[in-house]
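I opened this notebook to record what I looked up in the structure.

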Amino acid sequence: VSDADPKPLPLDAWHRGRGARMVPFAGYAMPIQYEGIMAEHRWTRESAGLFDVSHMGQLVVAGPDAEKGLESLLPADLAILKEGRLRYSLLLADDGGIVDDLMATRRGDHFYVVVNGATKEGDIAYMRCKLSEGAVLDHMKEQALLALQGRKAVEALSRLVPGVEALGFMTGGAFAIGGVTAWISRSGYTGEDGFEISVPGAKVAEVAELLAAQPEVKPIGLGARDSLRLEAGLPLYGHDLDTDTTPVEADLAFAISKRRRAEGGFAGWQRIARELEQGPIRRRVGLSVEGRQPVREGAMVVDAEGNEVGKVTSGGFSPMLEAPIAMAYVPAASAEPGTAVTLAQRGKLFQAKVVPMPFVPHRYHRKGAA
Amino acid sequence: MTVYYSEEHEWVRVEGEEAVVGITDFAQGQLGDVVFVELPEAGRQVTKGAEAATVESVKAASDVYAPVSGEVIEANQALVDDPALANTDPEGEGWFFRLRLADTSELQGLMDADAYKSFCDSQ
(Lines give C-alpha, C1' and ligand atoms only; values in the text may rest on other atoms or scores of the structure.)
Protein backbone atom coordinates (compact mmCIF):
# COMPACT_ATOMS: atom_id res chain seq x y z
CA VAL A 1 0.00 0.00 0.00
CA SER A 2 1.66 3.20 -1.18
CA ASP A 3 0.52 6.72 -0.40
CA ALA A 4 2.33 7.85 -3.53
CA ASP A 5 -0.08 6.04 -5.81
CA PRO A 6 -3.50 5.96 -4.17
CA LYS A 7 -6.17 3.99 -5.99
CA PRO A 8 -9.45 5.67 -6.91
CA LEU A 9 -12.69 4.41 -5.31
CA PRO A 10 -15.93 4.21 -7.32
CA LEU A 11 -17.07 7.64 -6.07
CA ASP A 12 -13.79 9.42 -6.89
CA ALA A 13 -15.18 11.69 -9.60
CA TRP A 14 -18.33 12.31 -7.57
CA HIS A 15 -16.30 13.60 -4.60
CA ARG A 16 -14.08 15.79 -6.78
CA GLY A 17 -17.14 17.20 -8.55
CA ARG A 18 -18.47 18.28 -5.16
CA GLY A 19 -15.29 20.12 -4.26
CA ALA A 20 -13.75 17.56 -1.91
CA ARG A 21 -10.11 17.81 -0.99
CA MET A 22 -8.71 14.34 -1.67
CA VAL A 23 -5.93 12.73 0.36
CA PRO A 24 -4.29 9.29 0.35
CA PHE A 25 -5.80 7.04 3.03
CA ALA A 26 -5.51 3.26 3.38
CA GLY A 27 -4.08 3.12 -0.15
CA TYR A 28 -7.01 4.99 -1.70
CA ALA A 29 -7.68 8.59 -2.67
CA MET A 30 -10.38 9.69 -0.23
CA PRO A 31 -12.19 12.95 0.60
CA ILE A 32 -10.75 14.53 3.77
CA GLN A 33 -13.19 17.45 3.69
CA TYR A 34 -15.64 19.42 1.57
CA GLU A 35 -16.57 22.76 3.17
CA GLY A 36 -14.59 22.25 6.39
CA ILE A 37 -14.32 19.73 9.20
CA MET A 38 -16.07 21.85 11.84
CA ALA A 39 -19.11 22.62 9.67
CA GLU A 40 -19.34 19.02 8.44
CA HIS A 41 -19.06 17.67 11.98
CA ARG A 42 -21.87 19.89 13.26
CA TRP A 43 -24.03 19.17 10.22
CA THR A 44 -23.77 15.45 10.91
CA ARG A 45 -24.79 15.87 14.57
CA GLU A 46 -27.65 18.22 13.74
CA SER A 47 -28.93 16.84 10.43
CA ALA A 48 -27.40 14.00 8.36
CA GLY A 49 -24.00 13.34 6.80
CA LEU A 50 -23.19 11.04 3.89
CA PHE A 51 -19.85 9.22 4.19
CA ASP A 52 -18.11 7.14 1.53
CA VAL A 53 -16.44 4.25 3.33
CA SER A 54 -15.93 2.08 0.27
CA HIS A 55 -12.29 1.51 1.30
CA MET A 56 -13.53 -0.85 4.01
CA GLY A 57 -13.34 -4.58 3.42
CA GLN A 58 -16.71 -6.28 2.89
CA LEU A 59 -16.37 -10.02 3.40
CA VAL A 60 -18.63 -13.03 3.31
CA VAL A 61 -17.80 -16.07 5.42
CA ALA A 62 -19.86 -19.06 4.32
CA GLY A 63 -19.86 -22.83 4.60
CA PRO A 64 -20.86 -25.38 7.25
CA ASP A 65 -18.07 -24.29 9.62
CA ALA A 66 -18.52 -20.52 9.17
CA GLU A 67 -19.96 -19.93 12.65
CA LYS A 68 -17.50 -22.20 14.42
CA GLY A 69 -14.57 -20.84 12.41
CA LEU A 70 -15.40 -17.22 13.17
CA GLU A 71 -15.97 -18.03 16.84
CA SER A 72 -12.39 -19.37 16.98
CA LEU A 73 -11.11 -15.88 16.06
CA LEU A 74 -13.75 -13.54 17.56
CA PRO A 75 -14.92 -13.35 21.20
CA ALA A 76 -18.55 -12.83 20.10
CA ASP A 77 -21.39 -15.28 20.73
CA LEU A 78 -22.37 -15.85 17.12
CA ALA A 79 -24.50 -18.89 17.98
CA ILE A 80 -27.18 -16.66 19.53
CA LEU A 81 -26.89 -13.98 16.84
CA LYS A 82 -30.24 -13.85 15.09
CA GLU A 83 -30.83 -13.37 11.37
CA GLY A 84 -30.13 -9.80 10.29
CA ARG A 85 -28.46 -8.81 13.55
CA LEU A 86 -24.93 -7.48 13.80
CA ARG A 87 -22.27 -7.39 16.47
CA TYR A 88 -19.19 -5.28 17.01
CA SER A 89 -16.32 -7.69 17.45
CA LEU A 90 -12.55 -8.09 17.42
CA LEU A 91 -10.32 -10.26 15.26
CA LEU A 92 -7.83 -11.65 17.76
CA ALA A 93 -4.28 -13.01 17.60
CA ASP A 94 -3.18 -16.00 19.65
CA ASP A 95 -1.54 -13.71 22.23
CA GLY A 96 -4.76 -11.71 22.71
CA GLY A 97 -3.64 -8.77 20.57
CA ILE A 98 -6.23 -7.13 18.35
CA VAL A 99 -5.70 -7.83 14.64
CA ASP A 100 -8.68 -5.65 13.69
CA ASP A 101 -12.07 -4.51 14.89
CA LEU A 102 -15.10 -5.34 12.78
CA MET A 103 -18.85 -5.76 12.40
CA ALA A 104 -20.27 -9.24 11.86
CA THR A 105 -23.85 -9.83 10.66
CA ARG A 106 -25.74 -13.11 10.38
CA ARG A 107 -27.22 -12.98 6.90
CA GLY A 108 -28.97 -16.10 5.68
CA ASP A 109 -26.52 -18.96 5.29
CA HIS A 110 -23.41 -16.79 5.83
CA PHE A 111 -21.86 -14.04 7.89
CA TYR A 112 -21.30 -10.59 6.39
CA VAL A 113 -18.19 -9.08 7.94
CA VAL A 114 -16.96 -5.49 7.51
CA VAL A 115 -13.33 -4.80 8.39
CA ASN A 116 -11.09 -1.73 8.24
CA GLY A 117 -9.70 -0.57 4.90
CA ALA A 118 -6.07 -0.26 5.93
CA THR A 119 -6.01 -3.77 7.43
CA LYS A 120 -8.31 -5.73 5.12
CA GLU A 121 -5.62 -7.55 3.12
CA GLY A 122 -3.88 -8.73 6.29
CA ASP A 123 -7.20 -9.70 7.88
CA ILE A 124 -8.18 -11.78 4.86
CA ALA A 125 -4.83 -13.59 4.79
CA TYR A 126 -5.02 -14.22 8.55
CA MET A 127 -8.61 -15.47 8.46
CA ARG A 128 -8.03 -17.71 5.43
CA CYS A 129 -5.04 -19.22 7.20
CA LYS A 130 -6.97 -19.85 10.43
CA LEU A 131 -10.36 -20.92 9.06
CA SER A 132 -10.89 -24.59 8.32
CA GLU A 133 -11.90 -25.91 4.89
CA GLY A 134 -15.53 -25.81 5.95
CA ALA A 135 -15.52 -22.01 6.09
CA VAL A 136 -14.95 -20.05 2.88
CA LEU A 137 -14.08 -16.37 2.88
CA ASP A 138 -15.00 -14.20 -0.07
CA HIS A 139 -13.87 -10.57 -0.44
CA MET A 140 -16.62 -8.61 -2.18
CA LYS A 141 -14.31 -6.21 -3.98
CA GLU A 142 -17.05 -4.90 -6.26
CA GLN A 143 -19.20 -3.73 -3.35
CA ALA A 144 -19.17 -0.06 -2.22
CA LEU A 145 -20.21 1.14 1.25
CA LEU A 146 -21.92 4.37 2.28
CA ALA A 147 -22.87 5.60 5.73
CA LEU A 148 -25.70 8.02 6.39
CA GLN A 149 -25.35 9.35 9.93
CA GLY A 150 -27.19 11.89 12.05
CA ARG A 151 -30.46 12.51 13.81
CA LYS A 152 -32.23 13.20 10.50
CA ALA A 153 -30.72 10.19 8.68
CA VAL A 154 -33.88 8.16 9.25
CA GLU A 155 -36.07 10.93 7.84
CA ALA A 156 -33.95 11.20 4.69
CA LEU A 157 -33.43 7.50 4.09
CA SER A 158 -37.01 6.35 4.81
CA ARG A 159 -38.21 8.76 2.10
CA LEU A 160 -36.18 6.74 -0.42
CA VAL A 161 -36.41 3.33 1.26
CA PRO A 162 -39.77 2.89 2.99
CA GLY A 163 -39.50 0.40 5.85
CA VAL A 164 -35.95 1.21 6.82
CA GLU A 165 -37.27 3.18 9.80
CA ALA A 166 -38.41 -0.10 11.35
CA LEU A 167 -34.84 -1.34 11.77
CA GLY A 168 -33.53 -1.14 15.34
CA PHE A 169 -29.94 -0.32 16.25
CA MET A 170 -27.57 -3.11 15.14
CA THR A 171 -30.03 -4.80 12.80
CA GLY A 172 -30.00 -4.91 9.03
CA GLY A 173 -31.93 -6.13 6.03
CA ALA A 174 -32.12 -6.31 2.24
CA PHE A 175 -33.76 -3.31 0.57
CA ALA A 176 -33.74 -1.44 -2.73
CA ILE A 177 -32.75 2.20 -3.06
CA GLY A 178 -33.56 3.86 -6.38
CA GLY A 179 -33.93 0.39 -7.90
CA VAL A 180 -30.48 -0.67 -6.64
CA THR A 181 -30.23 -3.74 -4.42
CA ALA A 182 -28.79 -2.73 -1.05
CA TRP A 183 -27.97 -4.26 2.32
CA ILE A 184 -28.81 -1.64 4.92
CA SER A 185 -28.06 -1.81 8.62
CA ARG A 186 -28.81 0.63 11.42
CA SER A 187 -25.27 1.20 12.61
CA GLY A 188 -22.34 3.56 12.21
CA TYR A 189 -19.25 5.20 13.62
CA THR A 190 -20.39 8.63 14.78
CA GLY A 191 -22.45 7.93 17.91
CA GLU A 192 -25.55 9.17 16.06
CA ASP A 193 -28.52 7.25 14.77
CA GLY A 194 -27.82 6.25 11.20
CA PHE A 195 -27.37 3.60 8.56
CA GLU A 196 -24.68 1.80 6.61
CA ILE A 197 -25.60 0.99 3.03
CA SER A 198 -23.80 -1.62 0.94
CA VAL A 199 -24.41 -1.35 -2.82
CA PRO A 200 -22.58 -2.48 -5.96
CA GLY A 201 -19.70 -0.14 -6.83
CA ALA A 202 -21.07 0.26 -10.34
CA LYS A 203 -24.28 1.78 -8.90
CA VAL A 204 -22.93 3.71 -5.92
CA ALA A 205 -22.76 7.08 -7.71
CA GLU A 206 -26.52 6.88 -8.45
CA VAL A 207 -27.25 6.03 -4.83
CA ALA A 208 -24.95 8.78 -3.48
CA GLU A 209 -26.62 11.27 -5.81
CA LEU A 210 -30.09 10.26 -4.56
CA LEU A 211 -29.05 10.53 -0.92
CA ALA A 212 -27.20 13.83 -1.33
CA ALA A 213 -30.28 15.30 -3.05
CA GLN A 214 -32.25 15.00 0.20
CA PRO A 215 -32.41 18.36 1.98
CA GLU A 216 -31.12 16.88 5.27
CA VAL A 217 -28.01 15.40 3.68
CA LYS A 218 -24.54 16.75 2.88
CA PRO A 219 -21.43 14.75 1.96
CA ILE A 220 -18.91 14.57 4.81
CA GLY A 221 -15.18 13.84 4.66
CA LEU A 222 -12.82 11.66 6.66
CA GLY A 223 -11.74 14.61 8.82
CA ALA A 224 -15.17 14.93 10.43
CA ARG A 225 -15.52 11.14 10.53
CA ASP A 226 -12.49 11.11 12.81
CA SER A 227 -13.63 13.96 15.08
CA LEU A 228 -17.14 12.44 15.32
CA ARG A 229 -15.90 8.99 16.32
CA LEU A 230 -13.51 10.55 18.86
CA GLU A 231 -16.38 12.43 20.53
CA ALA A 232 -18.36 9.17 20.50
CA GLY A 233 -15.49 7.42 22.33
CA LEU A 234 -15.07 4.89 19.52
CA PRO A 235 -11.53 3.57 18.99
CA LEU A 236 -9.78 3.78 15.61
CA TYR A 237 -7.76 0.74 14.59
CA GLY A 238 -4.07 1.46 14.00
CA HIS A 239 -4.25 4.30 16.50
CA ASP A 240 -6.19 3.28 19.62
CA LEU A 241 -6.03 -0.44 18.88
CA ASP A 242 -3.26 -2.63 17.51
CA THR A 243 -1.72 -6.08 17.85
CA ASP A 244 -0.03 -5.02 21.12
CA THR A 245 -3.41 -4.12 22.65
CA THR A 246 -5.88 -6.58 24.19
CA PRO A 247 -9.68 -6.12 24.32
CA VAL A 248 -9.56 -5.68 28.11
CA GLU A 249 -6.84 -3.03 27.96
CA ALA A 250 -8.81 -1.29 25.20
CA ASP A 251 -11.91 -1.19 27.47
CA LEU A 252 -13.78 -3.31 24.92
CA ALA A 253 -14.62 -6.18 27.28
CA PHE A 254 -18.31 -5.63 26.38
CA ALA A 255 -17.45 -7.29 23.06
CA ILE A 256 -16.58 -10.54 24.88
CA SER A 257 -19.92 -12.33 25.15
CA LYS A 258 -21.02 -14.02 28.38
CA ARG A 259 -20.86 -17.56 27.01
CA ARG A 260 -17.46 -16.98 25.44
CA ARG A 261 -16.09 -15.61 28.74
CA ALA A 262 -17.14 -18.81 30.44
CA GLU A 263 -16.15 -21.24 27.70
CA GLY A 264 -13.22 -19.56 25.98
CA GLY A 265 -12.19 -21.30 22.79
CA PHE A 266 -11.06 -18.24 20.88
CA ALA A 267 -7.62 -16.84 20.04
CA GLY A 268 -5.97 -15.09 22.97
CA TRP A 269 -8.44 -16.48 25.50
CA GLN A 270 -5.73 -17.34 28.06
CA ARG A 271 -4.44 -13.80 28.40
CA ILE A 272 -7.88 -12.23 28.07
CA ALA A 273 -9.32 -14.48 30.79
CA ARG A 274 -6.48 -13.50 33.10
CA GLU A 275 -7.01 -9.81 32.42
CA LEU A 276 -10.77 -10.11 32.95
CA GLU A 277 -10.05 -11.81 36.29
CA GLN A 278 -7.16 -9.68 37.57
CA GLY A 279 -7.58 -6.48 35.61
CA PRO A 280 -5.21 -5.21 32.89
CA ILE A 281 -2.05 -3.25 33.71
CA ARG A 282 -3.14 -0.34 31.50
CA ARG A 283 -6.43 0.83 30.15
CA ARG A 284 -7.82 3.02 27.39
CA VAL A 285 -9.53 6.09 28.86
CA GLY A 286 -11.04 9.36 27.73
CA LEU A 287 -9.30 12.58 28.69
CA SER A 288 -10.58 16.10 29.00
CA VAL A 289 -7.61 18.43 28.46
CA GLU A 290 -7.34 21.83 30.19
CA GLY A 291 -7.05 24.94 28.03
CA ARG A 292 -7.75 25.12 24.33
CA GLN A 293 -4.71 23.51 22.72
CA PRO A 294 -5.32 20.01 21.31
CA VAL A 295 -3.07 17.20 22.54
CA ARG A 296 -2.67 14.68 19.76
CA GLU A 297 -1.70 11.10 19.05
CA GLY A 298 1.87 10.42 20.15
CA ALA A 299 1.85 12.73 23.18
CA MET A 300 3.14 11.09 26.36
CA VAL A 301 1.33 10.50 29.64
CA VAL A 302 3.93 11.33 32.34
CA ASP A 303 4.12 10.82 36.10
CA ALA A 304 5.20 13.42 38.66
CA GLU A 305 8.89 12.69 37.93
CA GLY A 306 8.38 13.07 34.21
CA ASN A 307 8.62 9.35 33.42
CA GLU A 308 6.51 8.16 30.50
CA VAL A 309 3.72 5.97 31.89
CA GLY A 310 1.30 5.96 28.97
CA LYS A 311 0.50 7.49 25.61
CA VAL A 312 -2.15 9.47 23.83
CA THR A 313 -3.51 7.44 20.91
CA SER A 314 -6.08 9.91 19.54
CA GLY A 315 -6.58 13.56 20.31
CA GLY A 316 -8.12 16.64 18.87
CA PHE A 317 -10.52 19.47 19.36
CA SER A 318 -14.14 18.56 20.03
CA PRO A 319 -16.39 20.73 17.86
CA MET A 320 -19.40 20.05 20.13
CA LEU A 321 -17.64 20.64 23.48
CA GLU A 322 -15.36 23.34 22.00
CA ALA A 323 -12.51 21.89 24.01
CA PRO A 324 -9.63 19.49 23.47
CA ILE A 325 -10.34 15.79 24.11
CA ALA A 326 -8.20 12.68 23.78
CA MET A 327 -7.99 8.93 24.22
CA ALA A 328 -4.96 7.54 26.00
CA TYR A 329 -3.61 4.40 27.60
CA VAL A 330 -2.86 5.03 31.27
CA PRO A 331 -1.79 2.72 34.14
CA ALA A 332 -4.81 0.90 35.58
CA ALA A 333 -4.38 2.83 38.86
CA SER A 334 -4.95 6.10 36.96
CA ALA A 335 -7.94 4.91 34.92
CA GLU A 336 -10.77 5.95 37.27
CA PRO A 337 -12.84 8.93 36.10
CA GLY A 338 -11.74 12.08 37.87
CA THR A 339 -8.07 11.10 38.05
CA ALA A 340 -5.72 13.94 37.10
CA VAL A 341 -3.02 13.07 34.57
CA THR A 342 -0.20 15.07 33.01
CA LEU A 343 0.56 14.95 29.29
CA ALA A 344 3.69 16.05 27.45
CA GLN A 345 3.74 17.19 23.84
CA ARG A 346 6.60 18.95 22.03
CA GLY A 347 8.27 19.89 25.32
CA LYS A 348 5.13 21.33 26.89
CA LEU A 349 3.07 19.92 29.78
CA PHE A 350 -0.73 19.75 29.77
CA GLN A 351 -3.11 18.94 32.61
CA ALA A 352 -5.94 16.54 31.86
CA LYS A 353 -8.60 14.57 33.69
CA VAL A 354 -9.91 11.07 33.06
CA VAL A 355 -13.56 11.33 32.02
CA PRO A 356 -16.16 8.68 31.09
CA MET A 357 -16.71 8.11 27.38
CA PRO A 358 -18.53 8.88 25.17
CA PHE A 359 -17.62 12.57 25.39
CA VAL A 360 -20.86 13.39 23.56
CA PRO A 361 -23.85 11.12 24.37
CA HIS A 362 -24.76 8.43 21.84
CA ARG A 363 -28.14 8.74 20.17
CA TYR A 364 -28.61 5.23 18.83
CA HIS A 365 -32.10 4.07 17.89
CA ARG A 366 -32.63 1.24 20.35
CA LYS A 367 -35.92 -0.61 20.03
CA GLY A 368 -38.06 -0.26 23.11
CA ALA A 369 -36.26 2.90 24.19
CA ALA A 370 -38.13 6.19 24.20
CA MET B 1 1.98 50.91 3.48
CA THR B 2 3.29 47.87 1.62
CA VAL B 3 2.32 44.23 2.03
CA TYR B 4 4.82 41.45 1.37
CA TYR B 5 4.27 37.70 1.23
CA SER B 6 6.47 34.70 2.10
CA GLU B 7 6.68 31.26 0.53
CA GLU B 8 5.50 29.94 3.91
CA HIS B 9 2.21 31.77 3.29
CA GLU B 10 2.62 34.61 5.75
CA TRP B 11 1.94 38.25 5.00
CA VAL B 12 3.96 41.20 6.35
CA ARG B 13 2.38 44.66 6.35
CA VAL B 14 5.13 47.27 6.76
CA GLU B 15 4.23 50.46 8.62
CA GLY B 16 7.42 52.54 8.91
CA GLU B 17 9.86 50.73 11.21
CA GLU B 18 7.21 48.26 12.27
CA ALA B 19 5.49 45.36 10.58
CA VAL B 20 2.34 43.34 11.23
CA VAL B 21 2.50 39.60 10.49
CA GLY B 22 -0.26 37.08 9.80
CA ILE B 23 -1.11 34.05 7.68
CA THR B 24 -2.62 34.38 4.21
CA ASP B 25 -6.07 33.37 3.05
CA PHE B 26 -4.42 30.52 1.11
CA ALA B 27 -2.77 29.31 4.35
CA GLN B 28 -5.98 29.37 6.38
CA GLY B 29 -7.76 27.47 3.59
CA GLN B 30 -5.12 24.76 3.73
CA LEU B 31 -5.17 24.59 7.54
CA GLY B 32 -8.92 24.38 7.91
CA ASP B 33 -10.76 25.43 11.06
CA VAL B 34 -8.28 27.06 13.44
CA VAL B 35 -9.05 26.21 17.08
CA PHE B 36 -5.93 27.44 18.89
CA VAL B 37 -3.05 29.86 18.37
CA GLU B 38 0.04 30.42 20.48
CA LEU B 39 1.68 33.78 19.77
CA PRO B 40 5.09 35.17 20.78
CA GLU B 41 4.97 37.48 23.80
CA ALA B 42 5.96 41.15 23.54
CA GLY B 43 9.70 41.63 23.91
CA ARG B 44 10.64 38.33 22.30
CA GLN B 45 13.17 38.46 19.45
CA VAL B 46 12.07 36.43 16.46
CA THR B 47 14.41 35.40 13.67
CA LYS B 48 13.52 35.17 9.99
CA GLY B 49 12.79 31.54 9.15
CA ALA B 50 12.56 30.41 12.79
CA GLU B 51 9.41 29.28 14.60
CA ALA B 52 7.45 32.22 15.98
CA ALA B 53 3.92 30.95 16.57
CA THR B 54 1.84 27.76 16.61
CA VAL B 55 -1.52 27.34 14.95
CA GLU B 56 -3.70 24.30 15.53
CA SER B 57 -6.62 23.31 13.34
CA VAL B 58 -9.09 20.53 14.07
CA LYS B 59 -6.85 18.13 12.21
CA ALA B 60 -3.24 19.23 12.80
CA ALA B 61 -0.69 21.51 14.48
CA SER B 62 1.47 23.79 12.33
CA ASP B 63 4.35 26.11 13.11
CA VAL B 64 4.31 29.66 11.84
CA TYR B 65 7.78 30.94 10.93
CA ALA B 66 8.80 34.56 11.26
CA PRO B 67 8.98 35.97 7.71
CA VAL B 68 11.29 38.75 8.98
CA SER B 69 13.45 39.26 12.09
CA GLY B 70 12.67 41.70 14.86
CA GLU B 71 11.37 42.34 18.36
CA VAL B 72 7.74 41.51 19.00
CA ILE B 73 5.86 44.60 20.18
CA GLU B 74 2.38 43.14 20.50
CA ALA B 75 0.56 39.83 19.99
CA ASN B 76 -3.08 39.84 18.83
CA GLN B 77 -5.02 38.94 21.99
CA ALA B 78 -8.29 39.01 20.04
CA LEU B 79 -6.96 36.11 17.94
CA VAL B 80 -5.95 34.14 21.05
CA ASP B 81 -9.48 34.63 22.41
CA ASP B 82 -11.17 33.81 19.09
CA PRO B 83 -8.84 31.67 16.93
CA ALA B 84 -11.51 31.44 14.21
CA LEU B 85 -10.52 35.01 13.20
CA ALA B 86 -7.59 33.34 11.41
CA ASN B 87 -10.19 31.75 9.11
CA THR B 88 -12.75 34.52 8.80
CA ASP B 89 -10.39 37.52 8.43
CA PRO B 90 -6.83 36.22 8.04
CA GLU B 91 -5.41 39.36 6.47
CA GLY B 92 -7.30 41.76 8.79
CA GLU B 93 -8.63 41.11 12.33
CA GLY B 94 -6.84 37.74 12.34
CA TRP B 95 -3.31 39.22 12.37
CA PHE B 96 -0.77 37.37 14.55
CA PHE B 97 1.78 39.85 15.91
CA ARG B 98 3.42 43.23 15.39
CA LEU B 99 7.19 43.60 15.46
CA ARG B 100 9.92 46.22 15.18
CA LEU B 101 11.92 45.33 12.05
CA ALA B 102 15.55 44.39 12.75
CA ASP B 103 16.70 44.56 9.15
CA THR B 104 14.52 46.10 6.44
CA SER B 105 16.71 44.49 3.75
CA GLU B 106 15.06 41.15 4.65
CA LEU B 107 11.92 42.45 2.98
CA GLN B 108 13.61 42.23 -0.41
CA GLY B 109 13.50 38.45 -0.27
CA LEU B 110 9.69 38.47 0.01
CA MET B 111 7.04 38.61 -2.73
CA ASP B 112 4.56 41.32 -3.66
CA ALA B 113 0.86 40.53 -4.07
CA ASP B 114 1.11 39.62 -7.78
CA ALA B 115 4.15 37.40 -7.32
CA TYR B 116 2.47 35.70 -4.36
CA LYS B 117 -0.69 35.06 -6.35
CA SER B 118 1.36 33.37 -9.09
CA PHE B 119 3.18 31.39 -6.40
CA CYS B 120 -0.11 30.09 -4.95
CA ASP B 121 -1.46 29.22 -8.41
CA SER B 122 1.62 27.07 -8.94
CA GLN B 123 1.14 25.17 -5.63
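This is a predicted model: local features need pLDDT of at least 70, side-chain atom pairs count only at pLDDT 80 or more; totals for chains, interfaces and linings use all residues.

Entry on Lys130(A). With a relative accessible area of 35%, Lys130(A) is partly exposed. Its partner in a salt bridge is Asp94(A), at 3.0 Å from N to O. I found Asp94(A) in the loop between E5 and E6 of chain A and Lys130(A) in helix H4 (residues 120-130), 36 residues apart. Asp94(A) is exposed, at 55%.

Entry on Arg259(A). I looked up its salt bridge with Asp77(A) and read 2.7 Å from N to O. Asp77(A) is buried at 5%, whereas Arg259(A) is partly exposed at 26%.

Entry on Arg106(A). The closest N and O atoms of Arg106(A) and Glu67(A) are 2.8 Å apart, in a salt bridge. Arg106(A) lies in strand E6 and Glu67(A) in helix H3 of chain A, so the pair ties together parts 39 residues apart in sequence. Arg106(A) counts as buried at 17%, and Glu67(A) is partly exposed at 27%. Over all chains, I recorded 30 salt bridges.

Entry on chain B. I noted 4 helices and 9 strands in chain B. Its radius of gyration is 13 Å, close to the 14 Å that the globule rule gives for 123 residues, so chain B is as compact as a globular protein of that length. Of these residues, 49% count as buried.

How values were computed
Residues are numbered from 1 along each chain as its sequence is written. Chains are lettered from A and ligands numbered from 1 in the order in which they are written. Side-chain values use heavy atoms; hydrogens and water are left out. Helices (H or I, at least four residues) and strands (E, at least two) are DSSP runs, numbered from the N terminus. The radius of gyration is taken over C-alpha atoms; the globule rule is 2.2 Å times the number of residues to the power 0.38. Buried means under 20% relative accessible area, exposed over 50%, partly exposed in between (1.4 Å probe, protein chains only). A salt bridge is a side-chain nitrogen of Lys or Arg within 4 Å of a carboxyl oxygen of Asp or Glu.
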